[in-house]
Amino acid sequence: MSYIPTVEQAEELVKRFNKEPFHIQHAETVSKVMGELAKEFDPENTEFWAAVGMLHDIDFELYPEQHCVKAKEMLQELDIDEDMIHAVISHGYGICIDVEPVKLMEKVLFATDELTGLIGAAALMRPTGFDGMEVKSVKKKFKDKKFAAGCSREVISKGAEMLGWELDTLIEKTLNAMMA
């Protein structure tokens, strides 16, 4: 019988397979953002959204070349619910796997995953961190291809498009969720 882990259980799983503080912090950030956005879009399922955010890169440290492909295998072996597995692996759509984000939550994960990295990097460059950060300053960093070069602008833009949102809307919602 498959199960849906709580955020705490998901975090334990992530820490079992990931040792790099950066990867663990990224999982925690994406989990928090997903939980915050769930409050707006799917309040009955905030735990599910946050757990998916926590698990989304569970395989990345061990299998960076097979990211999302190995996540599916690992989560199936752990007897995780198939809907949760689909949600987790669909964030790699068009990048490392051909599983498309279908549900709103999956599209939100796809759109916010890379963006949290860009916003986090922008906060590190500011003396006040997140305090007083605005959409326009994030957008300026977004346009600078050399800034946080590892964060795919193409994926972020594609995610906003998938959601039917303007880029500014995606940035605003993600920034607010990160500051919450």
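This is a predicted model: local features need pLDDT of at least 70, side-chain atom pairs count only at pLDDT 80 or more; totals for chains, interfaces and linings use all residues.
I call a residue buried under 20% relative accessible area, exposed over 50%, and partly exposed in between.

**Entry 1: two residues with positive phi**

I started with the backbone. Most residues other than glycine have a negative phi, so I looked up the exceptions. A148 is not a glycine, yet I read a positive phi of about 45° for A148. I find A148 in the loop between α7 (135-143) and α8 (153-163). Is A148 buried or partly exposed? Its relative accessible area is 21%, so I log A148 as partly exposed.

I place C68 in the loop between α3 (46-55) and α4. With a relative accessible area of 0%, C68 is under the 20% cut-off and therefore buried.

**Entry 2: helix packing**

I note a pair of packed helices by the angle between their axes and the distance between the axes.

I began with α4 (residues 69-77) and α5, whose axes are 10 Å apart at an angle of about 160°. An angle over 145 degrees counts as roughly antiparallel, so that is my label for α4 and α5. The crossing of α4 past α5 is right-handed.

Next I followed α5 on to α6. Their axes lie 8 Å apart and the packing angle is about 30°. That makes α5 and α6 roughly parallel. I wrote down a right-handed crossing for α5 and α6 as well.

How do α2 and α9 (residues 167-179) cross, and at what angle? I get roughly 110°, with the axes coming within 8 Å. The 65 to 115 degree range counts as roughly perpendicular, so α2 and α9 go down as that. The crossing of α2 and α9 is right-handed.

**Entry 3: K103**

I stopped at K103, which sits in the loop between α5 (82-89) and α6 (104-125). The relative accessibility of K103 is 44%, so I count K103 as partly exposed. I also checked K103 against L163: the C-alpha atoms are 9.9 Å apart in space, while the two residues are 60 apart in sequence.

**Entry 4: the largest pocket**

How much space lies in the largest pocket? I have about 760 Å³ for it. I list 29 lining residues, and those nearest the centre of the pocket are F22, H26, D113, T116 and G117. Both α2 (21-41) and α6 give two or more residues to this lining. By type, I sort the lining of the largest pocket into 13 nonpolar, ten polar and six charged residues.

**Entry 5: the largest cavity**

I then searched the whole structure for cavities of 30 Å³ or more, and one turned up. For the largest cavity I noted a volume of about 50 Å³. Which residues line the largest cavity? My list reads V14, N18, H23, H26, A27, D57 and F60. Three of the lining residues come from α2, which gives the most.

Definitions and conventions
Residues are numbered from 1 along each chain as its sequence is written. Side-chain values use heavy atoms; hydrogens and water are left out. Helices (H or I, at least four residues) and strands (E, at least two) are DSSP runs, numbered from the N terminus. Buried means under 20% relative accessible area, exposed over 50%, partly exposed in between (1.4 Å probe, protein chains only). On a 1 Å grid over the protein atoms alone, a cavity is a set of points where a 1.4 Å probe fits but cannot get out, and a pocket is an open set with protein on both sides within 12 Å along at least five of seven lines; lining residues have an atom within 4 Å of a point. Grid points are joined across faces, edges and corners, and a volume is the space filled by probe spheres set on the points. Ala, Val, Leu, Ile, Met, Phe, Trp, Tyr, Cys and Pro count as nonpolar, Asp, Glu, Lys and Arg as charged, and the others, Gly among them, as polar. Axes are lines fitted to C-alpha atoms, for helices over the stretch in contact, and angles run from 0 to 180 degrees between N-to-C directions. Angles under 35 degrees count as roughly parallel, over 145 as roughly antiparallel, 65 to 115 as roughly perpendicular and the rest as oblique. A crossing is left-handed if the near helix is turned anticlockwise from the far one by less than a right angle, and right-handed if clockwise.
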